[in-house]
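Please read the following report alongside the sequence and the three-dimensional view, which are shown just below.

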Amino acid sequence: MAQLLLIKDVEALGRSGEIVNVKPGFARNFLLPQSLAVIADKNTLRMQERLKSEREKRAIADKKESEAVAMQIEGMTLVQVVKVDQEGHMYGSVTVAEIVHLIQDHAKIELEKKDIQLKHPIKTTGVHSLVVKLKEGVTANFNLKVMSEEGYRASLEEQKA
C-alpha cells in the first residue's frame with residue numbers, strides 16, 4: 001500500500017488534504033500522473049493543513065452553489081418526446097446524456113452525467129421521478145415525462161383548444 005496526500009478531491013476515495021492508502025499501481029498509474037495526489041512524507045504533511053483549510057472554504061462555497069441549483073431543479077418537470085411502434089414500445093431509450101441536455105436547454109444549468117442518479121436508461125413512456133446529486137451531498141428531485149410523438153401532438157392540440 002502507498003500512502004498519499006490528496007491534492008484534489010477524488011470520487012470514492014477522499015477529499016483534498018486527506019491522507020489515503022491506495023494500491024501502488026493506482027497511485028503510480030492514475031493519482032500521481034493526474035496530479036491528484038503526492039506521496040505523503042514529512043514535507044507534504046505540512047501542506048496537509050493548508051489543503052484542509054482551502055477545502056473547507058471551497059466546501060462552503062460549493063454547498064451554497066449546489067443549494068441554489070437544487071432550488072431551480074427541485075420539482076421541475078421535463079418532457080422528452082420519443083418514437084414508439086404500434087404497440088407503444090419505445091425505439092431505443094432515454095439516456096443520462098439526453099437528460100443532461102434537456103436540463104441544460106430548459107433551465108440553463110450545467111450538469112455532468114455523473115450528477116444524474118439513473119441506474120438504467122429509461123425504456124418506457126410515462127412519468128419518471130429522477131434525482132440529481134450535486135456537490136457536497138445536495139440532492140434535488142425532478143420529473144421526466146417521456147411521451148410518444150402522437151401523445152405529445154395530442155396534448156398540444158388540447159392546450160390550443
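What volume does the largest pocket have? The largest pocket has a volume of about 810 Å³, where a pocket is defined on a 1 Å grid over the protein atoms alone as an open set of points at which a 1.4 Å probe fits, with protein on both sides within 12 Å along at least five of seven lines, and where a volume is the space filled by probe spheres set on the points, which are joined across faces, edges and corners.

This is a predicted model, in which local features need pLDDT of at least 70 and side-chain atom pairs count only at pLDDT 80 or more, while totals for chains, interfaces and linings use all residues. Residues are numbered from 1 along each chain as its sequence is written, and side-chain values use heavy atoms, with hydrogens and water left out.

The lining of the largest pocket comprises 24 residues, of which Glu11, Lys114, Leu134, Lys135 and Glu136 are the closest to its centre; a lining residue is one with an atom within 4 Å of a point. By class, this lining divides into 14 charged, six nonpolar and four polar residues, with Asp, Glu, Lys and Arg taken as charged, Ala, Val, Leu, Ile, Met, Phe, Trp, Tyr, Cys and Pro as nonpolar, and the others, Gly among them, as polar. Helix 2 (residues 42-73) gives the most to the lining, with six residues; helices (H or I, at least four residues) and strands (E, at least two) are DSSP runs, numbered from the N terminus.

Glu136 lies in the loop between strand 6 and strand 7, and Glu136 has a positive phi of about 60° although it is not a glycine. A positive phi, of about 65°, is also found at the non-glycine residue Ala12, which belongs to the loop between strand 1 (2-6) and strand 2 (19-22). Arg15 lies in the loop between strand 1 and strand 2, and Arg15 touches Leu6, Lys8, Asp9, Arg55 and Glu136, not counting residues up to four places away in sequence, contact meaning heavy atoms within 4.5 Å.

**Separations along the chain and in space**

| Pair | Separation in sequence | C-alpha to C-alpha distance |
|---|---|---|
| Arg15 and Arg55 | 40 residues | 7.8 Å |
| Thr124 and Glu74 | 50 residues | 23 Å |
| Arg46 and Ser93 | 47 residues | 51 Å |

Arg46 is found in helix 2 and, at 64% relative accessibility, counts as exposed, on a scale in which buried means under 20% relative accessible area, exposed over 50% and partly exposed in between, with a 1.4 Å probe and protein chains only. Ala12 is likewise exposed, with a relative accessible area of 84%, whereas Arg15, at 37%, counts as partly exposed. Thr124 is found in the loop between strand 5 (116-117) and strand 6; Thr124 is partly exposed at 46%, and its contacts, not counting residues up to four places away in sequence, are Met90 and Val146.

**Nonpolar cores**

A nonpolar core is a set of buried Ala, Val, Leu, Ile, Met, Phe, Trp, Tyr and Cys residues joined through side-chain atoms within 4.5 Å. The largest such core has 27 residues, and those with the most contacts inside it are Ile73, Ile99, Ile116, Phe142 and Leu144. Helix 2, strand 4 (77-82), helix 3 (96-107), strand 6 (126-133) and strand 7 (139-148) each supply at least two residues of this core, and helix 3 gives the most, with six residues. A second, separate core of ten residues includes Ala2, Leu6, Ala27 and Leu31.

Leu144 touches, among others beyond four places away in sequence, Leu78, Val94, Ile99, Leu102 and Ile122. Ser148 is found in strand 7 and, at 17% relative accessibility, counts as buried; Ser148 touches Val81, Val82, Val84 and Thr125, not counting residues up to four places away in sequence.

**The aromatic pair**

How many aromatic pairs does a search of the whole structure find? The search finds one, with rings of Phe, Tyr and Trp (its six-membered ring) taken to pair if their centres lie within 6.5 Å, and planes under 30 degrees apart counted as stacked, over 60 as edge-to-face and the rest as tilted. The rings of Phe26 and Phe30 have their centres 5.4 Å apart and their planes at 20°, so the pair is stacked. Phe26 and Phe30 are four residues apart in helix 1 (residues 24-31), and are therefore separated by about one helical turn. Phe26, at 35% relative accessibility, counts as partly exposed, as does Phe30 at 32%.
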